[in-house]
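Student: Could we go through this structure together, one piece at a time? I'd like to ask things as they come to me.
Tutor: Gladly, ask away.
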Amino acid sequence: MIGLAHFLAVAAIVFALGLYGVLTKRTIVGMLMGIELMLNAVNLNLVAFSRFITPEILTGQVFAIFTITVAAAEVAVGLALFFRVYRDRNTVHVARLNTMRW
Amino acid sequence: MNLALLSSEIAIVVLAVLLICFDLFMPHRETRRSLGIVAACGVLAVLVHSFTQYGTVGTVYGDYFVVDHLALFFKQVFLTATLLTILFSFGYVEKFTQNKGEFYALLLFALLGMMIMASAHDLLTVFIGLEIMAVVFYVLVGFDLENIKSSEAGIKYLILGSASSAVLLYGISWIYGFTGSLLFKEVAANMAATPAILMGLGLIVAGFCFKLSIVPFHMWAPDVYEGAPTPITALLAMGSKAAAFAVLLRVFLVAFAGLKLYWAPVLSVLAALSMIVGIVVAIWQSGIKRMLAYSSVAQAGYILSGLLAANAAGVKGMLFYIVLYMVATVGAFAVVVAVEEHSGSDAIAAFSGLAQKSPLLALVMTISLISMAGIPPLAGFAGKLYLFIAIAAQGYLWLVVIGFVMSMISVYYYILVVKAMYTHPVQDDRVLTVNGPLKLVAMVSLLATLFIGIYPEPLAELANAAARALW
Amino acid sequence: MNDLAYTVAFVIFAAITVGAAFGVVTKNNLVHSALLMALCFIGLGGLYVLLQADFLAAVQILVYNGAIAIVFVLGTMLTRRSTRHGTNETDENSPSAWIAALSGLFVAVTLGVIMHTPWRYSAAGPVQDTPDVLAQLILTDYMLMMEAAAVLLLAAMIGAIVLAKGVNAE
Amino acid sequence: MAGFPILTAILLTLVAGIVLLALLPRSANQAVKLMTAAVMSIALGLTLYVYKAYDAGVGGLQFVEQVPWIKELGVSYSLGVDGISLPLLLLTMLVGYASIFASWDVHERPKEFFIHLLLLIVGAVGTFISQDLFIFLLFYELGIVPSYLLVLGWGSEKRVSKEYAGMKLTIYLLLGSAFMLAGVVLLYLYALPEGLRSFNMAALAQAAGNVTEPVQIIAFFFLLLGFGSTLSMWPFYSWAPDGYAAAPTGVSMIHAGVLKKVGAYGLIRLGLLVLPAGVAFWAPFIALFAVANIVYAAFVAIAQQDLKYVVAYSSISHIGYILLGVAALNLISLDGAIANMVAHGLMSALFFAMIGLVEVKTKTRHIPDLGGLAHQLPRIAAGLMLAGMSSLGLPGLIGFVPEFTIFLGAFRTYPVYTLLAISGIVFTALYILRLLANVLFGPRKAEFDQCRDASGVEMVPLVVLGSVLVLFGVFPQWLMGMVNSGMEPAWAQLMQHLPAASALLGGVFQ
Amino acid sequence: MFSQYALDHAWLIPLLPAAACMIIGVFLRRLPVLAATAAIGMSLLSFILAAGVAAGMFAQGITIEQPLVYKIPWLTLPGLAVDMGVYLDPLSVMMLVVVTLVALVVQLYSVGYMHGDEGFGRFFSYISLFAAAMLGLVIAVNFLQLFVFWELVGLCSYLLIGYYFHKISAREAAKKAFMTTRVGDFGLLIGILLLQFLFGTLDFQALPVQIPAYLVQHGSGLLTVVALLLFVGPIGKSGQFPLHVWLPDAMEGPTPVSALIHAATMVVAGVYLVARAFFLFSALPEAMAVIAWVGAFTACFAASIALTQRDIKRILAYSTISQLGYMMLALGVGSLTASMFHLLTHAFFKALLFLAAGAVLHGLPGKNDIFEMGGLRRKMPATFAAMVIGVLAISGIPPFAGFFSKDEILLAVFAVSKPLYAVAMVTAFMTTFYMARLLFVVFCGPEKSGQQAHEAPLSMKIPMAILGLLAIVGGYIPYTAGFGDWVRFGPAAHLAFDWKIAGSSTLLALAAIGLAWLIYGSGCNTAAVLARRSGLAYQLSYHKYYLDEAYLWLNHTLVDGFGKLLSWLELHVVEGILKGLAGLVGQLGNGLRKAQSGNLRVYGLVMFGAAMLMLLWLLFDPLLKGLLAGGGY
């Protein structure tokens, strides 16, 4: 029987994969994608909890909706900044973003 | 439901939207200082208004949004910080080639985010407030289009910030999952030290520590502080940090109060690490903004330590410290802004001979820095005393010792700035002109630092009243 | 829906989600990654359906697939690269193995947590008409949050425009 | 004059001086100095009145002023003097007064210089007259940043650069005070129960018995670290020689003469009188450190070639006597320790003032380059001689009686250490006599024939400090009686708390 | 009556010279005539007062047992009450008279001797200060007062030895004097502290009452240590072996100073202290033995050095050391009377000898080697006469002053210990020999070439005459006037006379004079031959047994070396540790700073790594704790 644990496990794996993406990707967009994966994992978690823990109050789903909203806002701003960086330096590689260090 | 409780927030939104509209209809060549003045006046009005809200404690829309003394206290801190930031950034903003109007509007949006955080009484509201503030700050950090550092800082802040938001959210989801609620009170009621809760706790700590720039989640701070437009750096240091603390207080002292046994050791280590790392790394900095960034890391460690007391005295210490840190920071950054405008550099070397060019600015800088270091008779000392008395009473003597020792070591790099200002020769003979609002901010900071240091009681009373709202 | 079908559906959607997510982070081509991400979101939408969150599944597919994934692709295009190859490669300097280990450890710990937590399952059945309930919730209890989210979107929009417009627009 | 807040008046006079100085134009060289001198004169006059009007027969705290300050922490603006603090207040004023005149030759940015100098003095005055720990702390570190700036802006370089010396001084003192503050926090927390907590020193001293022994031991350890480094206790003295050598004359005078004593004062007021069990535990270590101070520093002083370094190490050596007096833990040695603070303050200030003059006149402090100065500079020679003689404890000068009483008291507790300490007077004599011989006596050197002897304002430090050295030397009761009138009641109070600690004391308090 | 007035105002005796010192120091430094007048006037007044006190003492029958004491509290602390005051008994009155008299005479002499010196005023101010301090010492009512003035006379001695401070030798000698006596004071101070510690008082009246009881109760062990520590002070001050080395060097001071301070008064302070504290010493046989032997050895040792010295003042200095040894010896064998009697006569004849030597040096500027002088008796007849009287007096030829006192000592020693007596006799022989040597070499024989010697002026002759007279009659008169009835310890000690001892010592002295004549006076060239023949012994004596060199080595190699070693440690080790610590903090900062590489990925990795660690901590810490406690979550 598929239960809460399975959904949570899927969410955990997706979250971990997102994490891996954020930490290994070379470009800003790749990193942003990793973040999106993490946020979606969170959403899955929330919805799963909503279903199994508080099925009559949909707090988790409401939260997930807000998460989606926020994710959209973040992506918008993120891509805008990504354009700025790209225009400024003509590169998309994060490793090159080290004007400021130490 | 009492919408009057929301009046401050509504006023700020309206003000922000109005600014955007005004900006649209203003002639292109206008400096937009008028917008700044409008913004400042508006914020000042809200600040004044907020004092009338004392005594009217209540919640709006269920229990999700609460207006109590603690929230009011924090809101006033944010309002003051924003007001002072706006005042000293007139000159700075005029250097932007465009988007000056949006700058003020966005500042107000950030302020709104902070204010929502201050009142948040559930994890969702916390999250929304946090995100408003964070997203606006991502924009503001990257706002200086002329400066490639600015966009770099912005994207770094955004990626790390979003990732940490995701972590925070993931943590929140576990808490929700186990307790079945997002409201702090219900969370507290359904609390049990299960793995899920501890996992959520750990992730939430990580998420907040990022916003607070607590070691080892601080690594974004130096880069972002350095790259961001200076007024934004100031507001990041004062506002964003204070807002995160506002939430932290409620989360840990209301929602997670029962888990003190678990989070206190972790937070004590993090606080100690912040004090140590922030200070030893700051020693090496040659740019003042970066130095202040590390210093803010250490200061966050100090403030965080107050949480360990988990009682009104500790919270009072934190609130007190937040205010004095704001006061000192605003003074320091006002001077940085003035010097940056004058010399185009934020290197410590740019401060050479400032005492001769402008004794007032040099004095303000000195007092601010020394106050941050916590040397009597300035405000920083009173703040540290409140904090450390509270936590020592709970047995964290080792942390007190580390705190005092590190604060004294921090004098080393603060005093290097002082030395540059007072003993190094003037580099050029250009006259340093300081505009009125900036001078006003500097004076306010100076007097407040001295006053709080010598007569801390009024502020302590205020902080105490605010702290009691938690219990 | 019987248990077996439910299980099969879960396995399929879970496999899609996880497999696509894996592809997102391992593919070297950004466009491929973006498309795989869309697939992943579809998988997630399926899982939402299995969780009786049909409205959310719809939102998921609309917003994420329709908006976010597309924004990513567009963003990639806008960088005006002639070839898409190597646009999303893993940084050779990053200690991938360690990061993989970290992620693996994270999963392991999380699974441990999931298994060792005494979940307080609710016996109540799921809400059938989720859009209605959600609307109720959002416009009453979470009214303020919704307003705030609106402000957030406004601010993000202004910010994105300011940043994307750049200096040249003058 | 009853009820007139004279101690506040002293403080306010100095603060008003600072404000007035800040208002003077930057170029007003002479006016700045005159203003400072006037302010100090008024303050000194008030202090002398207090010293005279203090009723030693009654003893205890007098001229008390108390205004609630931060009620919730138990802080009050509480000033007052007793026999312990009054001599030190007088010392501060005398040394401060002399230092103003010793700094008369400052021509570079005099306004800043004198503002900073006055800040140092205000800090010291405040610590001595405050009867509230919080107020004490406010003043305690007031001088540190100004000291740094003074060393940097007006100092000189010798063994190390002045940047290094100034930084070392600053960081050292601050690190010490970090521990001190931790100790204060402990003290505050454990002395009185919540709700009754107070920073009032008298209240803390009354509650001395409440603190449990382990806490006392830890708290005293912290205080010892803090006050010990201010006091340049071995092994925390390293800032002092370089700091003094690098600092301008007036600052060396105040630092060696007064600010160091703040450490000793704190150790007695906060450490000894409030934490009897703590002090009993640490006393043997303090005694050991004291002997190390005395002997080690004396030997190092023997090998120094720079006048200021000799005196700096000498001052470290003398601090050992004060520490020994504290460690001996009996009334007479404590009397001696406090009186020795005054004695050492005056003599080291005089020493530094004279060395400053020598440096101004001859442009060098390197002993082998000097010689025969008694020919050209007889007055300065007399000053150095006076300082040197009181430093080696010549009876008839201020140094003797305090040292004698310390030895007398310490002998009871630590006979061996005391013998070693007394042997210090031989080594002290050795380097002091060498210094005097090599600098003042010997063939006339032609290169110093152009030097004019001290005259006019330059004589003020010599006359003021010298006459007090002699006066208190000839009439030691004026000093010792005052000190004892303060120490005796405090001691009696301490004795009430001692049963708790007596197990540790091992028969020290018989 | 004047004597009553004097007794009541005895405190003025030290204060008058002190006033002179102040007046001269402040107003009259540049006015030589007035300065001298003030100093001498004050000295005269205090001498008159002292004489009045003496008269009063005789009239009122103040004895050792019933002293007249005035005191005022000086220091009153719990557990330490110290008075300052006047202690008048025959012992101190005798000293008062001697000191004021010699001081007066020497000051008179100085007017001539120091004439034209640029530091004339300074000289008189110092010497007045000295007189004040010495008188204060003499009338001390307790050990602390004594110590206070003891140190002050030391200071004056230091100042006056270094009077010619442009001379390196003078400044070194001054330093040496101070240092050496300081070593003695180290012991004295500890002794005083112990006394205060043991008895709770330092008073000269209270202590004698307590000591017998203490001895009965606790035995003499600790008290002997105390006494010996106290005795270290006199060893330093009175030039006893091994701390005598400063006294010959002290001759760098002006000759009147040598006469007053380093012959007649200050150096006997040590003897006086032992006499004053005789209630303590006499109760402790071991301490007495030590004193006796130290005294005897010093006497003999110093005399043996004096045999070969060439500097006229150094010879006298060693003679002083030797005579001080004699006095100590007398005290050590228990005869306070003999010791004090010798102190009295010695003050006269030694001051006389110094004044005469001063006259020689004044007449022959720039020379002090006796072998560069010669045949001066014709050019300086008065000086010669004075010298002859002095030599005869010190040699113990009857009826000169030294004869009586020396005989008393020999008598007392003979009664106690034969070996000591032998030493004393040998010393007496050597004393006479080297004094005669000095006399013959300087005044007899041929005149050395190119000497512009001239006789001393009247102002120097009159003092010499006064002292000459005293050196002649100063022994006989007290002897007959019952000195022992007054100055004594215990029962009245009538001055005895033993023909055998007196005769043998006189014969011995005459033999020594004869031998000296044979070697130095007769014109035969025996001196050089003798010097060569006696080889090692001569070298040892001539180089003062290399004691100075040993001390120098000790001082320069050990003390300085240790000091240098510690300063090296200070500069390199202590500083190194500090810099190391600072560097450590710095390097920590630097390392952490390097982690801040600007690379986003590193930041992320650190953050998530830390978050992971934190999770593990939070999850496993309670687990572990729970397992240990036997439960789960």
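Student: How many Å separate the centres of domain 1 and domain 2 of chain C?
Tutor: Taken over C-alpha atoms, those two centres lie 23 Å apart, and please keep in mind throughout that this is a predicted model.

Student: Which residues belong to each domain of chain C?
Tutor: The domain assignment places residues 1-79 in domain 1 and residues 128-170 in domain 2.

Student: Next, the chains together: which pair shares the most contacts?
Tutor: Eight pairs of chains are in contact, and among these it is chains A and C that share the most contacts. Chain C brings 74 residues to that contact, while chain A brings 63 residues.

Student: And which elements of chain C give two or more residues to the side that touches chain A?
Tutor: They are helices H1 (3-26), H2 (30-50), H3 (54-78), H4 (96-116), H5 (130-139) and H6 (143-165) of chain C. Of these, H1(C) gives the most, with 11 residues.

Student: What classes of residue sit on that side of chain C?
Tutor: Sorted by class, the side of chain C that touches chain A has 50 nonpolar residues, 20 polar residues and four charged residues.

Student: How many residues do chain B and chain A put into their contact?
Tutor: That contact takes 30 residues from chain B and 34 residues from chain A. On the side of chain B, helix H6 (123-141), helix H7 (148-179) and helix H10 (220-227) each supply at least two residues, and the largest share, 18 residues, comes from H7(B). By class, this side of chain B divides into 16 nonpolar, eight polar and six charged residues.

Student: How far apart are the nearest C-alpha atoms of chains A and D, which do not touch?
Tutor: For chain A and chain D, the nearest C-alpha atoms are 24 Å apart. Chain C and chain D do not touch either, and there the nearest C-alpha atoms are 39 Å apart.

Student: Switching to the inside, how many residues does the largest nonpolar core have?
Tutor: The largest nonpolar core has 829 residues, and those with the most contacts inside it include B:Leu108, B:Ile132, D:Leu346 and E:Leu329. Helix H14 (residues 312-343) of chain B provides the largest share of this core, with 22 residues. The core also draws at least three residues from each of the two domains of chain C, namely domain 1 (1-79) and domain 2 (128-170).

Student: What is B:Leu108 in contact with, leaving aside its neighbours within four places in sequence?
Tutor: With those neighbours set aside, B:Leu108 is in contact with B:Ile12, B:Leu15, B:Ala16, B:Leu19 and B:Ala39.

Student: Where is B:Val38 found?
Tutor: B:Val38 is part of helix H2 (residues 33-52) of chain B.

Student: And why does B:Val38 count as partly exposed?
Tutor: B:Val38 has 17 C-beta neighbours inside 10 Å, whereas a residue needs 20 or more to be called buried and 12 or fewer to be called exposed, so B:Val38 counts as partly exposed.

Student: What about chain B as a whole, how many helices and strands are there?
Tutor: Chain B has 20 helices and two strands. Its radius of gyration is 21 Å, which is close to the 23 Å that the globule rule gives for 471 residues, so chain B is as compact as a globular protein of that length. Buried residues make up 74% of the 471 residues in chain B.

Student: In what sense do strands E1 and E2 of chain E pair?
Tutor: Strand E1 (residues 68-77) and E2(E) pair in the antiparallel sense over nine bridges, and E:Ile72 stands opposite E:Met84 in E2(E). The hairpin of these strands has two residues between them, and there E:Gly79 takes a positive phi near 90°. Strand E2 (residues 80-88) is mostly covered, with eight of its nine residues buried.

How values were computed: Residues numbered from 1 in each chain as written. Chains lettered and ligands numbered in written order. Predicted model: local features only at pLDDT ≥ 70, side-chain atom pairs only at ≥ 80, totals over all residues. Core = buried A, V, L, I, M, F, W, Y, C linked by C-beta atoms within 7 Å. Helix = DSSP H or I, 4+ residues; strand = E, 2+ residues; numbered from the N terminus. Domains from an automatic or database assignment. Contact = placed C-beta atoms within 7 Å. Nonpolar A, V, L, I, M, F, W, Y, C, P; charged D, E, K, R; others polar. Rg over C-alpha atoms; globule rule 2.2 N^0.38 Å. Pairing = 2+ DSSP bridges.
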